[in-house]
Amino acid sequence: MRNIVRAMKVNKYFDQFHALKDVSLEVNYGEVMCILGPSGSGKSTFLRCINQLEKVDRGGIWIDNELAGYRIAGDKLYPLSDKQIARQRLHTGMVFQRFNLFPHKTALENITEGPCNVLLRPKREATEEAMALLERVGLANKAHAYPQSLSGGQQQRVAIARALAMKPKLMLFDEPTSALDPEMVGEVLAVMRQLAQEGTTMLVVTHEMGFAREVANQVVFMDEGQIIEQGAPEEILLNPRNPRMKNFINAILL
């Protein structure tokens, strides 16, 4: 299978804090990878490095065989311009813990913003596709609603539709249900399950063990900036070898 993400010995520092330590992994097209781990383990930082919201200090990340953030000339690396990085970032769609919707725009307008202003798509075409995406996430009747009138789960589903509107090759989810009330978690996970069934390539930071067990092709456990364990969900979640992961799973399931 062809990989869309290849990370090799990725390191990231915040001043003296070593947030990522030689993180290496690959995600193949059509695959769902779930990243688990305690708070502060580097999961979200790694996702932000993939989407170039954070700069890698050592190592490299390739998205669809293109080195993120740099170009290679001879034996030297040269940083890309902001415009070039923005072009690379179009390959990925990212859904955050907080929904980050434009409060002064309707659900429909939030979704058409990127296609019209970044991809320069005709407004009618972008609107038709946005309505289809709202239908897909179960919110066609909320097209003209503003974010403040939507529940957290509804806002997150709009955020997913907004990311999909840019037609990314890879979807990144950074704990997409962590800010939701418990009764709203299921409606967001249902949309994500549907995306997985449709073959969407997804990299998901989550604490939702049931979702990871049901949907993931690979599960990664991170702790203190490192990958501690990685493998198929039935191996990692049902029979973890690492004591740190065993304790984490037991704590989550209590």
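This note walks through a predicted model, point by point.

1. Ground rules. Residue numbers start from 1 along each chain as its sequence is written, and side-chain values rest on heavy atoms, without hydrogens or water. Because the model is predicted, local features need pLDDT of at least 70 and side-chain atom pairs count only at pLDDT 80 or more, while totals for chains, interfaces and linings use all residues.

2. The annotated stretch. An unreviewed UniProt entry lists residues 5-249 as "domain: ABC transporter"; UniProt positions are in the numbering used here, feature names are shortened, and annotations may be inferred rather than shown by experiment. Over residues 5-249 the chain is 36% helix and 28% strand, with the end C-alpha atoms 26 Å apart. Helices (H or I, at least four residues) and strands (E, at least two) are DSSP runs numbered from the N terminus.

3. The six-stranded sheet. An open sheet of six strands has the order β8-β9-β10-β3-β11-β12, with mixed pairing; two strands pair if DSSP finds at least two bridges between them. The edges are β8 (92-95) and β12 (226-231), each with a single partner strand, so one side of each has no neighbour in the sheet. On average, neighbouring strands here are turned by 15 degrees against each other, direction ignored. At one end of the order, β11 and β12 pair in the antiparallel sense over five bridges, and Val220 stands opposite Gln230 in β12.

4. Helices across that sheet. Have a look at helix α1 (residues 43-50), which lies across β3 (32-36), β8, β9 (170-174), β10 (202-205) and β11, at about 150 degrees to β9. Helix α5 (residues 152-164) lies across β8 and β9 and runs at about 170 degrees to β8. For these angles, axes are lines fitted to C-alpha atoms, for helices over the stretch in contact, and the angles run from 0 to 180 degrees between N-to-C directions. Contact means heavy atoms within 4.5 Å.

5. Strand β1 (residues 3-14) and strand β2 (residues 17-28) run antiparallel and are joined by eight bridges, one of which pairs Val10 with Val23 in β2. The two strands form a hairpin with two residues between them, and Asp15 in the turn has a positive phi of about 55 degrees. β1 also runs antiparallel to strand β4 (residues 58-63), joined by five bridges; the bridge partner of Val5 in β4 is Ile63.

6. Rings. One aromatic pair is counted, with Phe, Tyr and Trp rings (six-membered ring for Trp) pairing if their centres lie within 6.5 Å, and planes under 30 degrees apart called stacked, over 60 edge-to-face and the rest tilted. Phe221 and Phe248 have ring centres 5.3 Å apart and planes at 50 degrees, so the pair is tilted. Phe221 is in strand β11 (residues 218-223) and Phe248 in helix α9 (residues 243-253), 27 residues apart. Phe221 is buried at 0% relative accessibility, and Phe248 is buried at 8%.

7. Charges over rings. Arg6 lies over the face of Trp62, 4.5 Å from the ring centre, and the charged end of Lys12 sits over the ring of Phe14, 5.1 Å from its centre. The test asks for NZ of Lys or CZ of Arg within 6 Å of the ring centre and within 35 degrees of the ring normal.

Note on methods
Buried means under 20% relative accessible area, exposed over 50%, partly exposed in between (1.4 Å probe, protein chains only).
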